[in-house]
Amino acid sequence: MSIPELTLNDGRSFPLIAFGTYKLNGAAGVQGMLSALDVGYRALDSAFNYENEGAVGEAVRKSGRAREELNIASKLPGRHQKYDEALTCIEESLYRAGLDYYDLYFIHWPNPKQGLYVEAWQALIEAQKRGYVRSIAVCNFLAEHLDKLHAETGVLPTINQIELSPYFPQDDMRAYHQKHGIVTEGWSPIGRGGKILSDELIVGIAKRLGKTPAQIVLRWHVQVGSVPIPKASHRERQVENMSVFDFELTEQDMKDIATLARPDGRSFGQDPATYEEF
């Protein structure tokens, strides 16, 4: 099964759906990732804080896929945002994975109270120059943080990975991204706990189209211009989640789904832009 691709602002291509690896660890995690790669995923999303960079690297080696066919990502944790620490952290990430480079490397959180995210971004720019990473990106940044990166370095991220779902559609951030040529990537695309999958509206659309509720939500992501990052350890669900390119939601479907946005839609529980732990 082939996944369509888009072009990042640095000219590199990226699949329209990626595979989330959070909580896929150890040998079982490797098997889950191998299954995902076997059914057709080409992008694996990981992070220093997921403690599974080694499993990701093992899955890459065991997959039998040419390295250039895959898009492997990891993320810099907040506690290593100082310039020299960030570069060392990226090196250690590569050593753990046993990879020569990452296709994508993110700043995991802006940690604005710490005030080091510009310094961390400068380190990612240097890591790109050194060949450690192909493309550089961020997670959970607000418009003001992105403006500051551009003002101080002249470089905007290729991607901003943010929490996104029909309950938490982030219209303003998506509009900002579109204006500035930044790809929106959605984590927790069906919400933690998956309550949205039993929503009456979503279930009704799914029944009409002969699809699952998860496929309706993931197709919504694609049609609003977001790259979703679903995670699933079972092969059947992995196939289901990536099978969203053979149908379309109608204009009325999209308008109806837009009514699902709600103040308590964020599943994380607090504003990640101010969360300091990561």
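This report covers the sheet, a helix pair and the aromatic contacts of a predicted model.

**Sheet**

Eight strands form an open sheet. Their order is β3-β4-β5-β6-β7-β8-β9-β10, and the pairing is parallel. Strands of a sheet pair through backbone hydrogen bonds, either parallel or antiparallel. The neighbour of β10 in the order is β9, which spans residues 183-187. β9 and β10 share 3 bridges in the parallel sense.

**Helix pair**

Helix α1 covers residues 26-39, and helix α2 covers residues 53-63. Their axes come within 9 Å. They cross at roughly 45 degrees. That angle lies between the cut-offs of 35 and 65 degrees, so α1 is oblique to α2. The crossing of α1 past α2 is right-handed.

**Aromatic rings**

The model has 4 aromatic pairs. A pair of aromatic rings is described by the distance of the centres and the angle of the planes. One of the pairs joins Tyr102 and Tyr105. Their ring centres are 5.7 Å apart, with 55 degrees between the planes, and the pair is tilted. Tyr102 and Tyr105 are both buried.

Tyr101 takes part in charge-over-ring contacts: Arg67 lies over its face, and so does Arg134. The table gives the distances from the ring centre.

| Charged residue | Ring | Distance from ring centre |
|---|---|---|
| Arg67 | Tyr101 | 4.2 Å |
| Arg134 | Tyr101 | 3.6 Å |

Definitions and conventions: Residues are numbered from 1 along each chain as its sequence is written. This is a predicted model: local features need pLDDT of at least 70, side-chain atom pairs count only at pLDDT 80 or more; totals for chains, interfaces and linings use all residues. Side-chain values use heavy atoms; hydrogens and water are left out. Two strands pair if DSSP finds at least two bridges between them. Helices (H or I, at least four residues) and strands (E, at least two) are DSSP runs, numbered from the N terminus. Rings of Phe, Tyr and Trp (its six-membered ring) pair if their centres lie within 6.5 Å; planes under 30 degrees apart count as stacked, over 60 as edge-to-face and the rest as tilted. Buried means under 20% relative accessible area, exposed over 50%, partly exposed in between (1.4 Å probe, protein chains only). A charge sits over a ring if NZ of Lys or CZ of Arg is within 6 Å of the ring centre and within 35 degrees of the ring normal. Axes are lines fitted to C-alpha atoms, for helices over the stretch in contact, and angles run from 0 to 180 degrees between N-to-C directions. Angles under 35 degrees count as roughly parallel, over 145 as roughly antiparallel, 65 to 115 as roughly perpendicular and the rest as oblique. A crossing is left-handed if the near helix is turned anticlockwise from the far one by less than a right angle, and right-handed if clockwise.
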